[in-house]
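Subject: Structure handover

Hello,

Here is the structure I promised to pass on. Please open it alongside this note; my findings follow below.

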Amino acid sequence: MQANRPPVRPLILGIETSCDETGVGVVRGTTLLADAVASSVDSHARYGGVVPEVASRAHLEAMVPTVRRALDDAGVRLSDVDAIAVTAGPGLAGALLVGVAAAKAYALAADKPLYGVNHLAAHIAVDTLQHGPLPEPCIALLVSGGHSSLLMVESVTAAITPLGATVDDAAGEAFDKVARLLGLPFPGGPHIDRMAGSGDQAAVAFPRGLTGPRDAAYDFSFSGLKTAVARWVEARQRAGEAVPVADVAASFQEAVVDVLTAKAVRACRESGVGHLLLGGGVAANSRLRAVAETRCAAAGVRLRVPRPGLCTDNGAMVAALGSLLVADGVAPSALDLPADSAMAVTEISC
Ligand code: KG4
Ligand code: ZN
């Protein structure tokens with residue numbers, strides 16, 4: 001059978017449930033029509049981290065109302081959409097399952113093609129909603145509570161290659177853990193960002209992980225830094241001295257930002273790529289955005305950073321990637337597609 005020509009500006013419903021945000025977005029082409037997010041973050045706060053089973057239950061409760069809200073906000077009906085896209089991985093297995101099962105049900109009920117997509121590729125695709133077509137190739141630095149990756153993006157729908165990743169904690173995880181030992185609430189990233197504003201980033205010389213001459217140029221490590229902060233704080237407390245929270249927050253944040261931006265700019269320089277894209281929750285960090293801007297300008301690299309609301313997990317990013325896949329004529333997934341908690345970034349859709 002002759003394949004129909006794909007719609008140029010497809011209308012896509014995107015569903016995201018890989019962590020603690022139930023996100024449902026509606027996108028037409030690269031135009032954002034709706035971005036409904038229900039977060040269970042408050043239910044995890046007292047545990048100091050996301051509890052998978054709590055997240056799964058919250059997705060189950062939030063799914064139908066969030067889909068309804070997104071369709072209403074966009075002013076469309078389910079029968080209008082060209083396809084449904086859903087995060088198939090990577091992420092929390094139980095949480096992913098809720099989204100994938102819901103997306104299958106909607107696809108089956110409304111007789112729509114279904115795309116199971118990669119969460120990391122969606123973090124890249126979301127930038128098209130704010131800044132238009134992606135410059136390809138580009139280097140992407142994705143930093144959140146669950147991932148820290150440096151990627152070569154030749155095509156966001158067809159060719160993404162990992163250059164490096166964290167060997168231990170994710171960058172956001174380090175922010176959350178350090179915030180906890182400084183007595184700041186979960187999730188700690190925004191609190192450290194705010195506290196750091198009134199602190200001295202040179203107060204403590206915290207270590208820069210994996211920056212030695214023999215270390216992997218594009219990998220990250222944050223667990224040594226986290227331990228160094230813990231030891232420094234403990235020593236102060238043992239001596240009966242007050243912990244200068246703003247100074248520690250600023251010095252810690254500087255160590256993370258220094259390493260992330262140095263490695264990302266180095267990847268651009270060494271691969272001759274002139275564009276850097278930031279994504280993930282930590283890309284909302286004000287110091288990361290400022291240092292990336294300065295270093296990219298000095299290296300002649302063009303920087304693209306979506307607004308903070310598009311950096312954190314949401315459904316619009318999944319719809320944005322679905323839209324690019326449909327427009328590129330990529331075949332939809334089978335209705336029995338699995339949720340894959342360890343989905344490799346090289347697998348953009350399944
Ligand atoms: O992308 P995201 O919403 O969810 C995933 O983890 O996938 O990212 C959440 C992470 C948390 O670790 C949070 O502390 C961090 O992003 N974060 C920040 C900031 N805002 C959020 N980290 C540093 N500075 C911020 N302003
Ligand atoms: Zn994410």
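A word on terms before the first finding: helices here are DSSP runs of H or I with at least four residues, numbered from the N terminus. Keep in mind that this is a predicted model.

**Helix α3**

Start with helix α3, residues 93-110. Its 18 residues should span 26 Å at 1.5 Å a residue, and the end C-alpha atoms are 26 Å apart, so the two values agree. Its buried residues are A95, L96, V98, G99, V100, A102, A103, Y106 and A107.

Look just past the end of α3. D111 takes a positive phi of about 55 degrees there, although D111 is not a glycine. Most residues other than glycine have a negative phi. D111 is found in the loop between α3 and β5. With a relative accessible area of 69%, D111 is exposed, because the cut-off for that is over 50%.

L210 also has a positive phi of about 55 degrees, and L210 is not a glycine either. L210 lies in the loop between α7 and α8 (223-238). At 23% relative accessibility, L210 counts as partly exposed.

**The zinc site**

Which residues hold the zinc ion (ligand 2)? The zinc ion is coordinated by H119, H123 and H147, each through NE2, and by D313 through OD. These donors sit at 2.1 to 2.7 Å. The angles among the four donor atoms run from 89 to 165 degrees, and the site is irregular. The spacing of the donor residues in sequence is H-x3-H-x23-H-x165-D.

H119 and H123 both belong to helix α4 (residues 119-125). They are four residues apart, so about one helical turn separates them. H119 counts as buried, at 0% relative accessibility. H123 counts as buried too, at 1%.

Strand β2 (residues 21-28) and strand β3 (residues 31-39) pair in the antiparallel sense, over eight bridges. G23 has V37 in β3 as its bridge partner. Two residues lie between the strands of this hairpin, and G29 takes a positive phi near 65 degrees.

Now look at A70 in helix α2. Is A70 buried or exposed? A70 is buried, with a relative accessible area of 0%. Leaving aside neighbours within four places in sequence, A70 is in contact with V24, V26, A34 and A36. A70 and G23 are 47 residues apart along the chain, yet their C-alpha atoms are separated by 9.1 Å.

**Domains**

The domain assignment of the protein chain gives domain 1 (11-126 + 314-327) and domain 2 (134-306). The contact takes 17 residues from domain 1 and 16 residues from domain 2. The C-alpha centres of the two domains lie 27 Å apart.

**Cis peptide bonds**

Most peptide bonds are trans. A cis bond joins E136 and P137, with omega about 5 degrees. P137 has its place in the loop between α5 (128-131) and β6 (138-143). Another cis bond joins F186 and P187, with omega about -5 degrees. P187 lies in the loop between α6 (171-181) and α7 (189-196).

Best wishes

How values were computed: Residues numbered from 1 in each chain as written. Chains lettered and ligands numbered in written order. Predicted model: local features only at pLDDT ≥ 70, side-chain atom pairs only at ≥ 80, totals over all residues. Heavy atoms only, no water. Expected span 1.5 Å × (residues − 1). Buried < 20%, exposed > 50% of the residue type's maximum accessible area, 1.4 Å probe, protein only. Donors = N, O, S within 2.8 Å, 3.2 Å for Na, K, Ca; no water. Tetrahedral: all angles 85-135°; square planar, octahedral: opposite > 155°, others 65-115°. Pairing = 2+ DSSP bridges. Contact = heavy atoms within 4.5 Å. Domains from an automatic or database assignment.
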